[in-house]
Amino acid sequence: MSTVVSHEHTTGKACPVQALKHAFCAPQAGDSRSVCPALNAMANHGYIPRNGKNISIPTLIAGAREVFGLSFVFAAGLVVVTMLSIGKLWTVDLFDLGRHGRIEHDASLVHGDTPEGKRYAPTRIHRELVEALVGDVPHGVADKVDFARMRVRREGASPKLSALHAEIARGEAALLLGVLSTAGGAGIPLEWLLSLLGDERIPDGWRPDHTQGLVRTVMMSREIKSIMEDLRRGPA
């Protein structure tokens, strides 16, 4: 197994040690990363600047569309609202997106909660939280019931989310499920889920097979919310 030597990612999308344009390369010293595994994966594969710095709104929109198949309107809306929420008007470093209490929230699936008094959420992935996802997916393919189970488990172990942040968290789950589900919508193979959330790596061999829009995502979020309510009530 080859080992990639330490190197520097400068201002572009190219990696000096990877021959393929979109080959995976883990972040190097000095690179900026966020609390969002999807955005980090885009940087790790060179769809946005690999150093995660000074990324423009058009670059983020184009990357989200190319990598995850989002509609233009959906991608643009997500990017613009996120940027405005942290006071950025044109460019951003990925770390800036972790400003606590804006779009970022506690009860992340793979990150720890923001310590009291800290302005930015931790970006380190907690391996124990990644491993806990396995227990939430008993059949090897993560569907909406499994995502509801993940959300209930994490929210039960974290400070109470505001209504807005609870909605954002469900929306993230719905978007992930909508984008990565296999043809026919059966769910996400656990291997793909762990690749993206645990390794911040686009799953090998995966490509978007449809355009993911806002309406589809909102509908799935509502379904996840309903299942979460059922899980919290317990058996009738």
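**Salt bridges.** I searched the whole structure and found 10 salt bridges, a salt bridge being a side-chain nitrogen of Lys or Arg within 4 Å of a carboxyl oxygen of Asp or Glu. I note that this is a predicted model, where local features need pLDDT of at least 70, side-chain atom pairs count only at pLDDT 80 or more, and totals for chains, interfaces and linings use all residues. Residues are numbered from 1 along each chain as its sequence is written, and side-chain values use heavy atoms, with hydrogens and water left out.

**Aspartate 136.** I looked up its salt bridge with arginine 153, which has an N to O distance of 2.6 Å. The pair links distant parts of the chain, 17 residues apart, with arginine 153 in helix H5 and aspartate 136 in helix H4. Helices (H or I, at least four residues) and strands (E, at least two) are DSSP runs, numbered from the N terminus. Aspartate 136 is buried at 5% relative accessibility, and arginine 153 is partly exposed at 26%. Buried means under 20% relative accessible area, exposed over 50%, and partly exposed in between (1.4 Å probe, protein chains only).

**Aspartate 199.** I found a salt bridge to arginine 127, with the closest N and O atoms 3.8 Å apart. This pair also links distant parts of the chain: aspartate 199 lies in helix H7 and arginine 127 in helix H4 (residues 127–136), 72 residues apart. Aspartate 199 is partly exposed at 42%, and arginine 127 is partly exposed at 41%.

**Aspartate 96.** I recorded its salt bridge with lysine 88, closest N and O atoms 3.6 Å apart. Aspartate 96 is buried, at 15%, whereas lysine 88 is partly exposed, at 28%.

**Network.** I also noted that salt bridges link Arg151, Glu155 and Arg232 in a network.
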